[in-house]
Every structure is written in structure tokens, then in C-alpha cells.
Amino acid sequence: MSDTAPFKYRRLPGRGNRTRGGIPVIAARCSLWVGPDHILSLDRIMTNEEYKRFYFRDIQSITVQRTNNSSAWNWGFGSFALITISIFAIAIGSSNQPSSPGPIIAGAICTGFFLLLLAVNLLRGPTCACKLRTAVQTEPLPSLGRVRSASKAIAIIKPLIEAVQGGLSPEDIFQGIAQTAPDLLQTSAASPSATATRGAPPPPIELPPSSGILHTILYLLLIVGAGVGFYRLLHPDGKFSQLLAAFLRLTLCALSFIALIRQRKFALSRPLRNLTIGSFIGLFSFMIVLFVYDFIANLTYTMQHPGHVPTRMDYLGMPGYRQIIVTANSLEALAGIAGLALTAAWISRGRQSVAIPPAPTEPSDPQP
Amino acid sequence: MLSCPRCSKPLPEAFYNSADLLPCPSCHTPVRLEVFPAFFNPPPAGTAGETILVEGESSCFYHPSKRAVAACESCGRFMCALCDLDLNGQHLCPACLETGKRKGKLKQLENRRVLYDSVALTLALWPLLIFYLTILTAPITIYVVIRRWNAPTSVVGRTRWRMVLAAVIALAEIVGWCFVIFFLTHVNQLVRASHR
């Protein structure tokens, strides 16, 4: 029984974890390696290694599906950074020795840790789920968990597989589909331009029209929020208005986020879409600006007045605070009025469905 | 047909080998498909052994009524088309394939390995957290290093630095324990001498 000649495996980009029985603690570290005639999937669990070989002649397809995990992690890390900085800001502001460098350094380290994770996640790019299919199995490839690494790996594997199996032209694909699933081609084959459009991008996607109710509520609340903001400038000590403003702020953030998700799946006029995106960015930017201002102002005030916590009246007396509030509320009111007008126009035009061209969302690396 | 991994709806032909992530027409999830000729070519059907018609023809070792088509490259037994197992151009009989897999002689079929270099390093390093354990684990590490020095490492190949490092750490632990034991007994003797 002769053994095969020794050869050197070449590692493919990417790494990932494969959980066993849904328990992350005993997750296997996965990697992909290229051999002379096969791809080796290697799972390392502590001191054991498990191998699966996929021979080039058997590989039928590789599927890459973009996932939202990266965005979820970004939100998570961003939120943790905000929460950490706010906790430390409150702690420093309410302490008797706010000028002490210890808490500031600790806060900077904790926030910096989450910001670093956020930066790393952003740099690694969007996530994806990759699957390799043969005649008898469909195997997930956790190591190709990022679109960038999946594209790089496919760019390496594809020529090797094609060297064994040969290439596929658009005509071959068309014929292959015609033999295996003629139903799918019935619609396109009926049209005279079927041959001409072979290999062309897929047809535009028809989005169902949005009712516009969510956007109407969002923009109405923006106007109400701006009104409450102006009222608070005139009556800074009102407890009810303070609670109402905080509630409105949270509601607006949540609503704008939901509206952003909803408008991806339903048709809306382009200006309305853009205004919603702008409102979302504006709301969060305002919160961040105010948060940073609060942090600095609180620190400065407590340094100047040891043992005192600044009230809203003190804040309003600080340089630039009133201007920030007035600008933000004015912009909120303007966005609300414009949004209501655009939503009304959209509804009055009969809420037409919109065809979205299927532009590539994530350009892959050029093929070799 | 290939379908969307998320909504399981079949994807149109424009998605095949598109080189870009394209939104699924049904669920809008960006998908990329790389398809190869094996997808459209059905796998070759298995062949059954042919029955011997002429007397004196060589027959299969496992199926005496079937005509032999090849000899096993490991044991030399004649095999019919059914028993002829092709393993990357190597013709093997079922028994040799099973034996080769069990004994690890067929690297292509090896699907699991214990990395003894990692075992040794784990044994040398982790007990340092509870230092007293090293009095037991250090000799075990040395035993693993000596016993498994020639054991195969990862299939993808890696050097033996883990083994060397584990041996060095384990030896250091043993030397440390010897020193501690010597020091304790020596001090004890000195204390007793001073009491006298």
C-alpha cells in the first residue's frame, strides 16, 4: 500500500470557528488548505485535528451569502463604547475629585478597548456564510466568514478547480440549467432577447410600495421633539418636559432605525429615503455631540466648582450649549416638515412600486 | 438548481459565476455563486461485476462468480468491477482500504489526528496556574515528549518546537522541584542543628 508523495499544503485566507452542539466553548478553529488535488478543511479542537478533503474534481459549487453579523458587531461595540464612556463621565462628574487622572485614564482605556474592537471589525469588512457543495454534501466553510477572505480564497481555488474540471461559459450554464431545470428558463427563453441577455445582470427587483405611516409618525415626532426642545430652552427646570424630551429622543432613535430597515424592503421616493437616512445620522450625531459636550462641560464645571453638580441652568449658561440646542432643534423641525411634505407627496402620487437595479453591493476582488 | 441559501428560492442563471454579490430576487440577500462543470455533470454510475461466461477466466476473490478486472495494488487479489475501489488512481480491494484506513497507512482517508506536541505543551504550561500540579505533570510531559517524539504532527505540517519547548519547561519544573526539596531538607537540617 504505497503512500502518496509528501507535499506542502498552502493555507487559504480566513479563519473561523465551528461550534459543536451549539456550545461556543468547545468551538473548533477552522482553516482551509490547498493540496495538490484537493482542499483540506481543518478543524482544530484543543489538541485534536479533524480533516475533510474536497477533491477538485468533485466540487460542484461554492456559495457566498452576505450576512449582517458584521453590522451587529459594529452596533454592539459602538454601543458598549458609548455606555462605557457615559458611565465614566457620570462617575467622574459626580466624584469629589474630578480632576484625578485615574478615572479618566481608566475610562479612556475601557472605551478605547471597544473602539479598537470596532475599528478591527470595520477593517475586516462585511461578514458572509460560505458553503461548498459536492454531489453528496453541502459543507459550511466557517473560515471564510468575511466577504474579503472568501473572495481571495475563491480567486485562488477557482483556477485550480477549472484546471481539473474545465471552465463554464455562459452558454454552458444556460444549457446546463435548461437540462436540469427548464422551468426556470421558461420565462427568459420565451423572450427573443433571451440569448442576447445571457450572462447579463439579473432583472430589476420590484419593491412593494410602503404605506408611509411609519415615516409620517417619525417626522411628526421630529416636529414634536423640536417643539419640546424649544420649550425646554424657555422653561429649563420643567421635570415633565425633561422626561418627555428623553422619551421622545429614545423613541425617535428607535423609530428612525426601524424606518431605515423598513425602507430597504418597501418602495419609497428617493428624496424621502435620503431624508430618513439623513435624519437618522443627524439624530445620532446630535446625541454624540451633546454627550461629548456634556462630558467636557461637566468636567470643567466640577473642576471650577468642587463639590457641585451642574444644573440645566448652569449648562445653558455655558458657551455654545444654547447654540447647539437651537441648531439641533431647528434642523429637527426642518427635517420633520420636509419629511411630512415628502411623505404626503408620495402618498398623493399613489404609492407606486419602485424597481431597484440589482447593483452589486460588495465588489469582489478581480479574478486572476 | 442552486437556490438562495437564505430563502431557498432558485436563483436565475445570471447569478452563476457572476463574480459579484448580487441581491436575491426574493429576499434581497446578497449572494455569489461559483459553479463548476461537475454541477451539471451527474456523478458516474457505479458498475456491477460481470458474470463469468467462459470457464478458466480469472474471477474476483470476493465474488467467485464475477469476472476479475483488476488486481489490488496492496495485496494483489483479483477484483471484479464492484470491488475495485479507485482511490486517486490507486486500485484497492475493500479489505485493504479498510485496513489502510484503520492503520493510518492511507493518508487520504485519515480524518483525525491527535497533536502530541500540543498535548505536551498543554501539560507543561497549564498546570503552572496551580503550581503544585507540576510535580505530577512535569514527569508526564517528559514521558509524552520521549514516547511521542516521532508521532506525526499535523497533516499540514509543523515543526517540533512545541515538543522542545514543552521538554524545556518540564525540565525546568523538575529542576525547580528538586531545588525546593533540597532547600527544604537542607534548611530543616540546619534548623535542627541550631536547636541542638
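Two strands count as paired if DSSP finds at least two bridges between them.

Q: What makes β6(A) and β7(A) paired strands?
A: In this predicted model, six bridges join β6(A) to β7(A), residues 128-133 of chain A. The criterion asks for at least two bridges, so the two strands pair. They run antiparallel. One of the residues involved is Ile62(A), whose bridge partner in β7(A) is Leu132(A).

Q: How do you know that β6(A) also pairs with β2(B)?
A: Five bridges join β6(A), residues 61-66 of chain A, to β2(B). Because at least two are required, this counts as a pair as well. These strands, too, run antiparallel. Ile62(A) has Glu34(B) as its bridge partner in β2(B).

Q: Which strands make up the open sheet, and in what order?
A: The open sheet has five strands in the order β8(A)-β7(A)-β6(A)-β2(B)-β1(B), with antiparallel pairing.

Q: Why are β8(A) and β1(B) said to stand at the edges?
A: β8(A), residues 138-140, and β1(B) each have a single partner strand, so each has one side without a neighbour in the sheet.

Q: What does chain B bring to the contact with chain A?
A: Chain B supplies 52 residues and chain A supplies 54. On the chain B side, β1 (22-23), β2 (30-35), α1 (94-103), β7 (112-114) and α2 (116-125) each provide at least two residues. The most comes from β2(B), with six residues. By residue class, this side of chain B holds 30 nonpolar, 12 polar and 10 charged residues.

Q: Why are α6(A) and α10(A) called roughly antiparallel?
A: Helix α6(A), residues 213-234, packs against helix α10(A), residues 321-348, at an angle of about 155 degrees. Angles over 145 degrees count as roughly antiparallel, and the pair therefore falls in that class. The axes are 8 Å apart, and the crossing is left-handed.

Q: Which residues make the contact of α6(A) with α10(A)?
A: Among them are Leu218(A), Leu222(A), Ile223(A) and Phe230(A) in α6(A), and Ile325(A), Ala333(A), Ile337(A) and Leu340(A) in α10(A). The residues of this contact divide into 13 nonpolar, eight polar and two charged.

Q: What angle and crossing describe α7(A) and α8(A)?
A: Helix α7(A), residues 239-265, and helix α8(A), residues 270-304, pack at about 145 degrees, with their axes 10 Å apart. Their crossing is left-handed. Contributors to the contact include Leu252(A), Phe257(A) and Leu260(A) of α7(A), together with Ile277(A), Phe280(A) and Leu283(A) of α8(A). Eight of the residues in this contact are nonpolar, four are polar and one is charged.

Q: What confidence does the predictor assign to each chain and to the complex?
A: Chain B averages a pLDDT of 87, and 100% of its residues score at least 70. Chain A averages 79, with 81% of its residues at that level. For the complex, the predictor gives an ipTM of 0.82 and a pTM of 0.64.

Q: Where in chain A is the pLDDT below 50?
A: One such stretch is residues 1-5, with nine contacts in the model beyond near neighbours in sequence. Another is residues 359-368, with 25 contacts beyond near neighbours in sequence. Where pLDDT is low, predicted coordinates should not be read in detail.

Note on methods. Residues numbered from 1 in each chain as written. Chains lettered and ligands numbered in written order. Predicted model: local features only at pLDDT ≥ 70, side-chain atom pairs only at ≥ 80, totals over all residues. pLDDT = per-residue confidence, 0-100. Contact = placed C-beta atoms within 7 Å. Helix = DSSP H or I, 4+ residues; strand = E, 2+ residues; numbered from the N terminus. Nonpolar A, V, L, I, M, F, W, Y, C, P; charged D, E, K, R; others polar. Axes fitted to C-alpha atoms, helices over the stretch in contact; angles between N-to-C directions. Parallel < 35°, antiparallel > 145°, perpendicular 65-115°, else oblique. Left-handed = near helix turned anticlockwise from the far one by under 90°.
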